[in-house]
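Morning, everyone. Please have a look at the model on the screen, and then I'll walk you through it.

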Amino acid sequence: MNLHKLISYLQPYKTYSGENPDISSIENDSRNVQKGSLFICIKGFNVDGHDFASLAVKKGAAAIISEKEMTLPVPVIVVPNSKRAMSVLSDAFFGQPSRDLHLIGITGTNGKTTISHLIEKILSDSGEKTGLIGTMYTKIGEKKFEVKNTTPDSLTLQRIFKQMVDAGVKKTVMEVSSHALDEGRTHGCDFDIAVFSNLTQDHLDYHKTMDEYKQAKGLLFSQLGSEYRHHSPKFAIFNIDDAASESYIRATAAHIITYGIDQKADLQALNIQMTPTGTEFDLLSPFGAHKVSMQLIGKFSVYNVLAAIGAGIAASIPVEQIIRSIEEVQGVSGRFETVDAGQDFSVIVDYSHTPDSLQNALTTVKQFAEKRIFVIIGCGGDRDRSKRPLMAKIACLYSTDPIFTSDNPRSEDPVQILKDMEEGAQGNNHKTIIDRKEAIHYAVKAASEGDVILIAGKGHETYQLIGDQILNFDDRIVAKEAIEER
Ligand SMILES: CC(=O)N[C@H]1[C@@H](OP(=O)(O)OP(=O)(O)OC[C@H]2O[C@@H](n3ccc(=O)[nH]c3=O)[C@H](O)[C@@H]2O)O[C@H](CO)[C@@H](O)[C@@H]1O[C@H](C)C(=O)N[C@@H](C)C(=O)N[C@H](CCC(=O)O)C(=O)O
Ligand SMILES: Nc1ncnc2c1ncn2[C@@H]1O[C@H](COP(=O)(O)OP(=O)(O)OP(=O)(O)O)[C@@H](O)[C@H]1O
Ligand SMILES: N[C@H](CCC[C@H](N)C(=O)O)C(=O)O
Ligand SMILES: [Mg+2]
């Protein structure tokens with residue numbers, strides 16, 4: 001595509017009549033620039049991409065998108081907001097690929113990764129080649145690719161969509177983080193279905209107040225178009241038991257499907273019962289009553305399943321078929337994943353890293369724990385500090401043996417993070433063991449028959465971030481080794 005054509009998407013009422021080079025690629029990182037690239041200068045949290053513009057030109061950039069005037073030997077297009085421009089230009093450059101996909105977005109504080117995997121299973125069982133974008137990886141069909149963010153920046157995102165379309169993917173399910181919505185990473189994404197899981201505290205380092213956080217999440221629904229494409233209506237799926245749904249429902253022009261447990265909903269779960277192998281419930285839906293017997297456990301899992309059923313119905317898949325798919329799901333990596341090395345107590349690794357998810361996980365554990373409940377819990381550095389005392393308090397209230405330790409301290413002092421947690425500690429039953437491996441070994445040595453150890457916070461992660469080091473660390477492997485050593 002040439003520069004004039006590309007810029008016409010950006011400034012429809014203005015024409016750009018300078019030089020008109022062919023654009024070979026769009027880049028926002030000078031290190032990736034090649035001959036003919038359009039380099040977009042992004043002011044980041046660490047560095048300012050504008051400082052790399054002349055380097056980009058030296059490497060062959062044919063034009064620059066910038067938030068300020070710069071004197072360079074190639075065209076410099078000045079825009080008020082280069083992140084916004086990047087969404088529009090990337091969508092245009094790759095041929096608006098999200099329009100060729102049936103695109104499902106999921107937002108909410110907890111459950112996005114789980115719900116996206118459930119939906120992917122439902123869709124692929126219906127015979128379509130699927131795509132998935134989220135915290136753990138990007139998947140195109142069966143191929144997995146590493147990721148940096150839950151929701152990538154708009155350039156990466158549109159490139160992935162294009163790869164998906166080229167690979168024959170028809171339906172894509174993606175996690176949409178509040179950061180992404182706030183930064184407009186998903187501008188240009190033509191969502192067909194948007195799903196809301198829940199809103200509880202997280203990320204207040206970024207959003208500052210719960211109200212701002214709530215508004216950011218709401219953008220997924222207010223930006224969901226009402227138009228019919230290929231005669232396929234747009235749907236928004238809401239957890240009616242969560243108070244935030246009310247305002248999101250008002251904000252969207254899409255068709256609405258509600259789900260819930262405590263309140264009447266289009267999809268409602270009743271008579272929930274935990275069984276030795278999972279959870280059973282009665283599903284009431286516009287298609288009648290159905291029994292669901294799934295391998296996932298906990299009330300929160302019922303919510304996730306209801307959300308996925310809603311998306312399945314919106315994607316025109318028969319409810320009986322959806323239920324069959326759900327019943328086959330054994331779990332999602334690092335989400336309430338059991339570690340079994342022949343021991344006579346339970347070890348569960350769970351990605352709960354917010355107050356609400358930790359409380360849910362511990363409440364679920366309480367339902368089957370026969371004796372003591374150990375919880376190993378830390379809080380990430382360079383993230384919401386105000387959730388630290390709350391998580392510590394929950395650990396103390398809902399377990400018999402809370403052990404405070406390090407999660408990913410990142411650039412922060414691990415001792416200070418633990419001090420922040422201590423402020424919320426209740427009673428005097430907690431221990432602090434700064435080294436995560438030592439904390440896991442301690443709990444495994446101390447546990448006896450019938451006890452449960454919940455190792456919270458890191459789930460599927462295979463690393464620990466300390467300072468700028470990336471150390472190999474997998475809670476599941478460390479726990480297994482500790483059990484074998486016992
Ligand atoms: C705070 C934040 O959101 N940071 C994101 C941001 O990085 P940044 O602002 O620090 O970028 P930067 O390093 O300052 O660089 C600025 C610009 O200069 C460019 N540059 C840089 C160096 C160079 O040599 N040449 C060059 O051109 C960079 O490519 C970039 O365009 O832009 C990067 C590229 O898009 C993101 O990967 C990065 O996410 C980091 C890894 C992150 O941790 N983000 C978290 C807060 C986040 O977004 N989380 C959400 C939610 C998670 C959840 O589900 O709970 C997510 O969606 O992941
Ligand atoms: N519906 C839910 N409500 C509350 N807690 C949940 C729910 N679903 C999952 N959880 C808890 O939250 C943890 C994270 O789940 P999941 O990874 O699916 O969420 P996520 O929204 O993708 O998180 P992230 O924002 O970090 O990507 C799980 O390990 C579980 O403890
Ligand atoms: N997507 C979340 C993951 C948190 C996982 C936890 N292990 C941590 O490092 O805080 C975040 O970036 O806030
Ligand atoms: Mg996730």
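UniProt, in an unreviewed entry, places the feature "domain: Mur ligase N-terminal catalytic" at residues 23-78. UniProt positions are in the numbering used here, feature names are shortened, and annotations may be inferred rather than shown by experiment. Over residues 23-78 the chain is 11% helix and 25% strand. The end C-alpha atoms of that stretch are 17 Å apart. Helices (H or I, at least four residues) and strands (E, at least two) are DSSP runs, numbered from the N terminus.

Some housekeeping. This is a predicted model: local features need pLDDT of at least 70, side-chain atom pairs count only at pLDDT 80 or more, and totals for chains, interfaces and linings use all residues. Residues are numbered from 1 along each chain as its sequence is written, while chains are lettered from A and ligands numbered from 1 in the order in which they are written.

Now the domains. The assignment gives domain 1 (3-88), domain 2 (97-328) and domain 3 (337-485). Those bounds come from an automatic or database domain assignment. The centres of domain 1 and domain 2, taken over C-alpha atoms, are separated by 34 Å. Their contact takes 7 residues from domain 1 and 7 residues from domain 2. Contact here means C-beta atoms, placed from the backbone, within 7 Å. On the domain 1 side, helix 3 (residues 82-93) brings the largest share, 5 residues.

Next, the ligands. Where does ligand 1 lie? It lies between domain 1 and domain 2, because both give residues to its shell. Of the 20 residues around ligand 1, Asp-29, Gly-44, Asn-46, Asn-149 and Ser-177 come nearest. A residue counts as near if its C-beta atom, placed from the backbone, lies within 6 Å. By class, the ligand 1 shell has 5 nonpolar, 11 polar and 4 charged residues. Ala, Val, Leu, Ile, Met, Phe, Trp, Tyr, Cys and Pro count as nonpolar, Asp, Glu, Lys and Arg as charged, and the others, Gly among them, as polar.

Around ligand 3 sit Thr-150, His-353, Gly-380, Arg-383, Asp-407, Asn-408, Gly-457, Lys-458 and Glu-461. That shell has no nonpolar residues, 5 polar and 4 charged.

Back to UniProt. The unreviewed entry's "binding site" annotation covers Ser-30, Asn-149, Thr-150, Thr-151, Ser-177 and Arg-185. These residues are spread over 156 residues of sequence, and up to 25.8 Å between C-alpha atoms. Take two of them. Asn-149 is in the loop between strand 8 (143-145) and helix 5 (154-166), and Thr-151 is in the loop between strand 8 and helix 5 too. Which is buried, and which partly exposed? Asn-149 is partly exposed, with 16 other C-beta atoms within 10 Å. Thr-151 is buried, with 26. Buried means 20 or more other C-beta atoms within 10 Å of the residue's own, exposed 12 or fewer, partly exposed in between, with C-beta atoms placed from the backbone. Beyond four places in sequence, the contacts of Thr-151 include Ser-177 and Arg-185.

That's it from me. Over to you.

Note on methods
Two residues are in contact if their C-beta atoms, placed from the backbone, lie within 7 Å.
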